Amino acid sequence: MAMADVRVVKIKDLTKSFDRRTVLSKISFDVYKAENLIVFGRSGSGKSVLLKCIIGLLKPDDGEIYINDENILSLNTKELNNLRKNIGFLFQSSALYDSMSVKENLMFPLKRHFKMEQSEINDKIMHTLELVSLQDAINKMPSELSGGMRKRVGLARAIITDPQLMLYDEPTTGLDPITTKEISELILELQTKLQMTSIVVTHDLICAEIIADRAIFLKDSILAYEGKINELINSDDPFLKNFFSHRIQT
């Protein structure tokens, strides 16, 4: 079976409201092994809410979420935590622990989820830092790192548990165009090396054009558009033309 035929995520009729405002309404899509799916949408369109539902941080009002054919909404806390070992999440802020060194930040998920000898942990940390080209920063504190380096460390911490699925929430926010391109190319490289499946929330066209296999667009609480990235960018649809008209040219 080809990887493109192996479904990793299935979202069916996902609905989520806050008070009387519906953020997501009957959202349905699939994501396949080793695929990078981009989620577009204007601010407040529910992109981050979607990711939090997928990882179980928010509970939808209705619908189904399957990861590797397992219905995550039917799992208890222990089962959900066990499933999360196979999911990496990169937050907008990188969410590093400021009081911990780079090494300690990477050590945290390994000690939390796995029983490993210290020598194994050390080898795993060094190998993962090599993947993001930051082995020389192993003993630095987050405050000593640039924005791009913080993103790389956050990415290293997210992938150190060898997740099958990666969720990225605005991975290039606040970065200059050159660093954005570097981080995007790193995401693409990791997809190839580790055969990871990724869902990437972004409004950054530099990032999207580098990494996207496919894209969806959330608008007015529904999944309004779906297709290849170039199909959406070059669409004659008035809304899409307006949305993409100010994109940065690479």
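Helix axes are lines fitted to C-alpha atoms over the stretch in contact, and the angles between them run from 0 to 180 degrees between N-to-C directions. On that basis, in this predicted model, the axes of helix H3 (residues 102-113) and helix H4 (residues 118-131) come within 10 Å and cross at roughly 120 degrees. The briefing then turns to an open sheet of four strands, to the residue Leu-14 in strand S1, and to the parallel pairing of strands S6 and S7.

**Helices H3 and H4**

- Angles of 65 to 115 degrees count as roughly perpendicular and those over 145 as roughly antiparallel; H3 and H4 are therefore oblique to each other.
- The crossing of these two helices, H3 and H4, is right-handed.
- On the H3 side, the contact is made by Val-102, Lys-103, Leu-106, Met-107, Leu-110 and Lys-111, which meet Gln-118, Ile-121, Asn-122, Lys-124, Ile-125 and Leu-129 of H4.
- By residue class, the contact of H3 with H4 comprises seven nonpolar, two polar and three charged residues.

**The open four-stranded sheet**

- The strand order is S2-S1-S4-S5, and the pairing is antiparallel.
- Strand S2 (21-32) and strand S5 (70-71) stand at the edges with a single partner strand each, so one side of each has no neighbour in the sheet.
- Strand S1 (residues 7-18) runs antiparallel to strand S4 (residues 62-67), and five bridges join the two.
- Within this pairing, Lys-12 stands opposite Glu-64 in S4.
- Helix H1 (residues 47-55) lies across S1, S2 and S4, and runs at about 120 degrees to S1.

**Leu-14 in strand S1**

- Leu-14 belongs to strand S1 and is buried, its relative accessible area being 0%.
- Leaving aside residues up to four places away in sequence, Leu-14 touches Leu-24, Ser-25, Lys-26, Ile-27, Leu-50, Cys-53, Pro-60, Asp-62, Gly-63 and Ile-65.
- Ile-222 lies 208 residues from Leu-14 along the chain, yet the C-alpha atoms of the two are separated by 9.7 Å.

**Strands S6 and S7**

- Strand S6 (residues 87-90) and strand S7 (residues 165-169) run parallel and are joined by four bridges.
- In this pair, Gly-88 is placed opposite Met-166 in S7.
- In a regular strand, side chains alternate between the two faces of the sheet.
- Both faces of S6 are covered, with Ile-87 and Phe-89 buried on one side and Gly-88 and Leu-90 buried on the other.

Technical notes:
Residues are numbered from 1 along each chain as its sequence is written. This is a predicted model: local features need pLDDT of at least 70, side-chain atom pairs count only at pLDDT 80 or more; totals for chains, interfaces and linings use all residues. Side-chain values use heavy atoms; hydrogens and water are left out. Two strands pair if DSSP finds at least two bridges between them. Contact means heavy atoms within 4.5 Å. Angles under 35 degrees count as roughly parallel, over 145 as roughly antiparallel, 65 to 115 as roughly perpendicular and the rest as oblique. A crossing is left-handed if the near helix is turned anticlockwise from the far one by less than a right angle, and right-handed if clockwise. Ala, Val, Leu, Ile, Met, Phe, Trp, Tyr, Cys and Pro count as nonpolar, Asp, Glu, Lys and Arg as charged, and the others, Gly among them, as polar. Buried means under 20% relative accessible area, exposed over 50%, partly exposed in between (1.4 Å probe, protein chains only).
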